[in-house]
Amino acid sequence: MNKLKKEFQYYKLEKRIEISTMSSLIENLTDEFSPKEKNLLISSYIVLAYAYWESCFHKFQSIMFEGFKVVPVEVLPFDLRNQIFLTLARTSCGKQKLISEIKNIDVFDAIYKTVHENEKGNVVQILEKFNDRLEEKEMKKHFLLDTVNPNLDRFSEMLKNYGMKLEKIIEVGIESGKIKSYFSKGLNFIIWQRNSIAHKNEKIMYNEVEYSNYDDCINKLSIDIEFTPIIKGHPELFVNEMTFQIDSFFDLMINEMEKKIKELLE
């Protein structure tokens, strides 16, 4: 897991430097762009920020799997433990999938024995033991939320599988100063705008109000969410800030993940 964590940190740093180039370009050359060209550039920047969020979401899930797969099954949160036990049960049954297909009580005895004998082991040990019948992907799917459009609601859904509450984590993060109070609303804005752009909706909307440009739209947003930097005429500063907030959010999530694993192992 440590290797994945280091790779993730390097990825975040590299990507943020890469996409912040767009902010510098827009800020330094803003007077040379027509309003239409500037809107197009801001749209492109929003898409880059969203892509950063989505990629971090999936990379973080992989780190979660690496961390939790060494935790004994018996102490995993209920949803995870239940899914792993069901996979073990299916593995012990062989090709028989329906109860109606089972003709011998010994099959149920085998299921109980398989589950009971492996509940103190972890996923790594189970995969090694059943390497001829069970592939890692069959276990890994229980740890991951498969989504092509991750948002905070889906992030929360994914964390529930691990017995973690996103709302509480964000609250603690804000109180500790690790993320800003506008993180959730700012990220939701980025995700909504990206989806609007991706679905060929050229309207710039915020709170059901249509704007002709991102300057006015994001300026209104920054007032509502108390984003303090002066961004009037420079909406790129808000997008750039949200890439930093995404970075900080995942640093927070790594810390919370490690605390949860330590708690389960104690």
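Me: A nonpolar core is a set of buried Ala, Val, Leu, Ile, Met, Phe, Trp, Tyr and Cys residues joined through side-chain atoms within 4.5 Å. How many residues does the largest nonpolar core have?

Reply: The model shown here is predicted, and its core can be described through the residues that have the most contacts inside it, namely Trp 53, Phe 155, Phe 238, Phe 249 and Phe 250. Counted as a whole, the largest nonpolar core has 74 residues.

Me: How is helix H1 oriented relative to helix H2, roughly parallel or roughly antiparallel?

Reply: Helix H1 covers residues 2-29 and helix H2 covers residues 35-68, and the two pack with their axes 11 Å apart at an angle of about 175°. Angles over 145 degrees count as roughly antiparallel, so the orientation of H1 to H2 is roughly antiparallel.

Me: How many nonpolar residues does the contact of H1 with H2 have?

Reply: Sorted by class, the contact of H1 with H2 includes five polar and seven charged residues. Beside these stand the nonpolar residues, whose number is 13.

Me: Of what kind is the aromatic pair of Phe 65 and Phe 143?

Reply: This pair belongs to a structure that holds 19 aromatic pairs. The ring centres of Phe 65 and Phe 143 lie 5.1 Å apart and their planes stand at 75°, and because planes over 60 degrees apart count as edge-to-face, the pair is edge-to-face.

Me: How far apart in sequence are the parts that the pair of Phe 65 and Phe 143 ties together?

Reply: Phe 65 is buried, with a relative accessible area of 0%, and Phe 143 is also buried, with 1%. Phe 65 lies in helix H2, whereas Phe 143 lies in the loop between helix H6 (136-140) and helix H7 (152-160), so the parts tied together are apart in sequence by 78 residues.

Me: Is Lys 180 buried, partly exposed or exposed?

Reply: Lys 180 lies in the loop between helix H8 (166-176) and helix H9 (183-198). Leaving aside neighbours within four places in sequence, Lys 180 is in contact with Ile 174, Glu 241 and Gln 245. Buried means under 20% relative accessible area and exposed means over 50%, so at 43% relative accessibility Lys 180 counts as partly exposed.

Note on methods. Residues numbered from 1 in each chain as written. Predicted model: local features only at pLDDT ≥ 70, side-chain atom pairs only at ≥ 80, totals over all residues. Heavy atoms only, no water. Helix = DSSP H or I, 4+ residues; strand = E, 2+ residues; numbered from the N terminus. Buried < 20%, exposed > 50% of the residue type's maximum accessible area, 1.4 Å probe, protein only. Contact = heavy atoms within 4.5 Å. Axes fitted to C-alpha atoms, helices over the stretch in contact; angles between N-to-C directions. Parallel < 35°, antiparallel > 145°, perpendicular 65-115°, else oblique. Nonpolar A, V, L, I, M, F, W, Y, C, P; charged D, E, K, R; others polar. Phe/Tyr/Trp six-rings, centres within 6.5 Å; stacked < 30°, edge-to-face > 60°.
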